[in-house]
Amino acid sequence: MKKIYYIVGIIVLAACGNPNGISHPEAAGGRIYGGTLKVNENDKYVSLYPHLITDVISLDIASQMYDGLVRIDAKNIAKILPDIAESWTMDESGTVYTFKLKKGVKFHDDACFKDGKGREVKASDFKYVFDLLFDEGEKTSFASTFKQRIKGGKEGVKAPDDYTLQITLASPTGVFLYLLAGSQGFVFPKEAVEKYGDESAVGTGPFILKNKDDEKLFLVRNPNYFRTDSLGNQLPFLDTIQVNFISDKAREMEAFKKEETHIIFGLPSSAVSEMVEQSLEDFRSKNPKYLLVRNPEMTSEYYEFNISKPPFNNLKVRQAFSYAMNRDKIISDALNTEAFGPGICGITPPGIPDYDITDIHGYNFNPEKAKKLFAEAGYSDGKKFPRITIELNSGGGKNVEVVEEIKKQLKEVLNVEVDYIVVPFARKIEDMKFSKAEIFRSAWVADYPNPENFLRTFYGGYVPDSLSKPSYPNTVRYKNIAYDSLVEKGFEAKNPEDGFSYYKNAEQILMNDAPIMILWYGENMKVIHSFVKNFYFNPMNYKDFSETYIQKNSPAEKP
């Protein structure tokens, strides 16, 4: 397998140039306008309304439809780029940000506007979005994040003129621009909210929502988009993005071979071996048909315990479950080696610059210790332990394979009987918010390359005082004063790296308390048709199709 990866690495580099032959009108630099990019998601999205986005699939789609003040560079995720803001300054205290907006940026044409024509974006639109974020309260997943950051809530956001926005923070924080680059920083018009409510899908982005159903969603080119590429070409290049919803990996692979989808994110190594063996020339030729990429991802996969009630309000039970997991076996048997598992440390995955996760001590397979803790909790040999249910979403079949292996291991080590149910992703999110199962399958994908992004998920300040109220993103409802204090000190660090020592201490407390059971860190194979140009894979799986284009050789072009 190593030889295959080496060969493919060479192919990826060789295929980045412009092959001869053009099938659509050229732009500067040989780039091409037109065509349809077909991508796939293994589950349905939850919401395309920015304030309700809680899942990666919704974010993947919405990121093509909306813009914010700033954006993440898909080629270098450590870099923040201007978006609707053409520039910004920060005062000496590190708390007052002043953004200067670009002129002429327009919302998508839509029936919510007079004559159906999108109007210009003003600073007051950003003010409206932030005000709404605070007003929507429990309905809005990220309100608490900004309430904690922005001084005085609504009063901390001002629009002194049409093209100036000023945001005052309660204290300095080095990750504020990254927060603005997320879905909570997307701008959308008041007119759309008044007309459509939280079904609103009107932004300023490179693509406009055309139509959707249970099997497909279509985004079409925004002809009035404001951005250009480095060569001065107006973006985007693509006419259409077709998003398929195929949950089964075998069906997804067949769709890829038939060009019914052009990129696969997350491919089992067994499928890769089979595909390469069957179609070796498609990878090795001078003009390869497919490109294969393998890279670590800033993703942590884990199970959440319902710590609000027995049996998982007992620390020793939670620790026993974590020690009972043979992660090597999960990765080899259920995941086909597509993950990092041995040496589990904390919630933060590898790959964040200057943050050494090996300083955190987590849980590795120790069946004797698991049995001892379980007995101390009053459940020697599993006696009297209730039958529990794990709730998970489909995840293209992978999640079921994992839970089957976990069931087997818990039975072998702790003599515990486990059931599981598979539900639509949207339902799982809602059930998690209200703690409706004993254990939930969960994961966190980095929104930005900083441990704060993972640790704030368990910040106790987000937790309501009643199970009848939704809790997000801290769906575990974890509270620890010492943990919260350290996370707050990390929040307040003026530079991101200054907070790392606080975050490491906080992360160790989290692991000691074991409200979650870390299973593995992400690593994935991706395969892409070589005619898809200017798309960049990155450890955050941040998808930006604004500069992507389709370039096929004329003889091979299909009608």
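Glu301 and Lys398 pair up through their side chains in a salt bridge, at 3.6 Å from N to O; the term here covers a side-chain nitrogen of Lys or Arg within 4 Å of a carboxyl oxygen of Asp or Glu. The two residues are 97 apart in the chain and link distant parts of it, with Glu301 sitting in strand 12 (residues 290–305) and Lys398 in helix 13 (residues 398–414). On burial, Glu301 comes out as buried at 8% relative accessibility, while Lys398 is partly exposed at 30% relative accessible area.

The model is a predicted one, so local features need pLDDT of at least 70 and side-chain atom pairs count only at pLDDT 80 or more, whereas totals for chains, interfaces and linings use all residues. Numbering runs from 1 along each chain as its sequence is written, and side-chain values rest on heavy atoms, with hydrogens and water left out.

Under the salt-bridge rule, the count reaches 28. Another of these joins Glu376 to Lys316, with N to O at 3.1 Å. Glu376 belongs to helix 12 (residues 367–376) and Lys316 to helix 10 (residues 315–323), so this pair ties together parts 60 residues apart in sequence. Both ends are partly exposed: Glu376 has a relative accessible area of 41%, and Lys316 has 33%.

Next comes the bridge between the side chains of Lys411 and Glu417, at 2.7 Å from N to O. Lys411 is partly exposed at 36% relative accessible area, and Glu417 is partly exposed at 34%.

With a relative accessible area of 14%, Lys552 is buried. Its side chain makes a polar contact of 3.1 Å with that of Glu259. A polar contact means a pair of N or O atoms within 3.5 Å; within protein, one has to be able to donate a hydrogen and the other to accept it, and residues adjacent in sequence count only if both atoms are side-chain atoms.

Key: Buried means under 20% relative accessible area, exposed over 50%, partly exposed in between (1.4 Å probe, protein chains only). Helices (H or I, at least four residues) and strands (E, at least two) are DSSP runs, numbered from the N terminus.
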